[in-house]
Amino acid sequence: MSLPLAAAEEIQSVTLLLLRLDQQLYGLLAANVREVARCRPLTPVPGAPAALPGIINQRGTILPVVDPRLILGQPQSPPSRASRLVVVGCDDFTMALLVDAVLDLVALPSEAIEPMPPARDAARARTLRGLARHAGELVILLDPAGLVAGLREWS
Amino acid sequence: MLVVVRTANRRYAVRRTDLLGIRRADVARHEALRSAQPFASMALGALLEPLAASEIRPSQALLVSLRRRTIALLVERVEEFLEQPHVHPLPALLRNQLHQEWAVGILMHEDEPIIVLDLRAVARSVLLQRAGREHAETLVHAEIRDNNSEFAYAEPSLH
């Protein structure tokens, strides 16, 4: 018996939100993404680490903003006009990731996702879920739960 | 009750129960000179936003009593008193990562999130900073004294 077409597509493809951080292309599973918002001034929280640059009020909900650049070992950079806040829900937390740009929502075949090669830096490797290629460019899949674990270690 | 205050760059809210009083900064300094009680003061903005330097001189002092000392945390102005504010808890992800437990909640006021401070915790940090600086100065003086005595001891052999 064959699966209905929609179900077969669901099993065989993965939808990713493509974003850029310091020239590198990253992907987030669309299932983890709640919304994308324009970057706006953050309210810094005294005593918080640099990877948590502040909070925002997103439709009445207070969300912590996470700067993934620092957790991924990239240099910190001030937000630009292209910067976006990607609201991500995972397990029992919701956070807004500050990214340099959001590019597209794409569906990739499941088999196009490859596991991450063994890394020397185990802490950083935990923040990444896999690798893929899109339009000839390497896409690194971010793991939101891994980012939170990375944030704890980074702090 | 919460008191909304402004530093040169931001607004914060503090609990009225944490405060011994609110004075003009010069009056607080004058009163401290007249009384025998130890007194320390620091601009709240300089402590909480060390990277955002400001030329504005804070004019109001939020007084906190701690360990028989009075600590004056200086702000640009006191803006509002809120009788029944609705304070949101800090998101858990943030609460667990704080290096300093100065922030205790978030007040949503005029669509703006305002950090609610534990001013007694802030005052404790001021005292610790002062104590650390005094301890460091004591160590530096001791080192200078030791170096001088070492030099004095070594001097005769140079001739």
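Visitor: With which residue does the side chain of Arg20(A) meet in a salt bridge, and at what distance from N to O?

Guide: The partner is Glu137(A), and the N to O distance is 3.2 Å. Arg20(A) belongs to strand S1 (residues 13-21) of chain A and Glu137(A) to strand S10 (residues 137-142) of chain A, so the pair ties together parts that lie 117 residues apart in the sequence. The model is a predicted one, and every value given here is computed from it.

The accessibility of the two partners can be stated with the cut-offs in view: buried is under 20% relative accessible area and exposed is over 50%, with partly exposed in between. Arg20(A) has a relative accessibility of 23% and therefore counts as partly exposed. Glu137(A), at 31%, is likewise partly exposed.

A further salt bridge of chain A involves Asp22(A). This residue pairs with Arg69(A), and the closest N and O atoms are 4.0 Å apart. Here too distant parts of the chain are linked: Asp22(A) sits in the loop between S1 and strand S2 (24-29) of chain A, whereas Arg69(A) is in helix H2 (residues 68-71) of chain A, 47 residues away. The relative accessible area of Asp22(A) is 31%, which makes this residue partly exposed, but Arg69(A) is buried, at 6%.

Read from the N terminus, the elements of chain A follow the order α-β-β-β-β-β-α-β-β-β-α-β-β-α. Of its 155 residues, 46% count as buried. Among the contacts of chain A with a separation of 6 or more, 56% are between residues 24 or more positions apart.

Over all chains, a search of the whole structure finds 15 salt bridges. The interface of chain A and chain B, however, has 0 of them under the rule, and 1 residue pair in polar contact is found across it, with both residues at pLDDT 80 or more. On the side of chain A that touches chain B, the elements that give two or more residues are strand S4 (54-58), strand S5 (61-66) and helix H4 (144-154) of chain A. In terms of contacts, 20 residues of chain A meet 19 residues of chain B. The area buried between the two chains is about 1,800 Å², and carbon and sulfur atoms give 73% of this area. Pro46(A), Gly47(A) and Ile62(A) supply 32% of what chain A buries against chain B, more than any other three residues.

Chain B has salt bridges of its own. One of them joins the side chains of Arg24(B) and Asp26(B), at 3.0 Å from N to O. Arg24(B) is partly exposed, with a relative accessible area of 48%, and Asp26(B) is partly exposed at 40%. There is also a network of salt bridges that links Arg6(B), Arg11(B), Glu76(B), Arg77(B), Glu79(B), Glu110(B) and Glu112(B).

Strands S9(B) and S10(B) form the hairpin with 2 residues between them, and Glu110(B), in the turn, has a positive phi of about 55°. S9 (residues 103-109) and S10(B) run antiparallel and are joined by 6 bridges, with Met108(B) standing opposite Pro113(B). Strand S2 (residues 11-15) of chain B runs parallel to S10(B) and is joined to it by 3 bridges; in this pairing Val14(B) stands opposite Leu117(B). S10 (residues 112-117) of chain B is mostly covered, as 5 of its 6 residues are buried.

Helix H1 (residues 25-34) of chain B includes the buried residues Ala25(B), Ala28(B) and Ala32(B). Seen down the axis of H1(B), the buried residues of this helix fall within an arc of 60°, so they line one face. An α-helix has 3.6 residues a turn, so residues three or four places apart point the same way. Leu33(B) and Arg34(B), on the other side of H1(B), are exposed. The cover over the buried residues of H1(B) includes strand S3 (21-24), strand S4 (39-43), strand S5 (60-66) and strand S6 (69-75) of chain B.

Key:
Residues numbered from 1 in each chain as written. Chains lettered and ligands numbered in written order. Predicted model: local features only at pLDDT ≥ 70, side-chain atom pairs only at ≥ 80, totals over all residues. Heavy atoms only, no water. Buried < 20%, exposed > 50% of the residue type's maximum accessible area, 1.4 Å probe, protein only. Helix = DSSP H or I, 4+ residues; strand = E, 2+ residues; numbered from the N terminus. Pairing = 2+ DSSP bridges. Arc of directions from axis to C-beta. Contact = heavy atoms within 4.5 Å. Buried area = accessible area lost by both parts, 1.4 Å probe. Polar contact = N/O pair within 3.5 Å; in protein donor to acceptor, adjacent residues only side chain to side chain.
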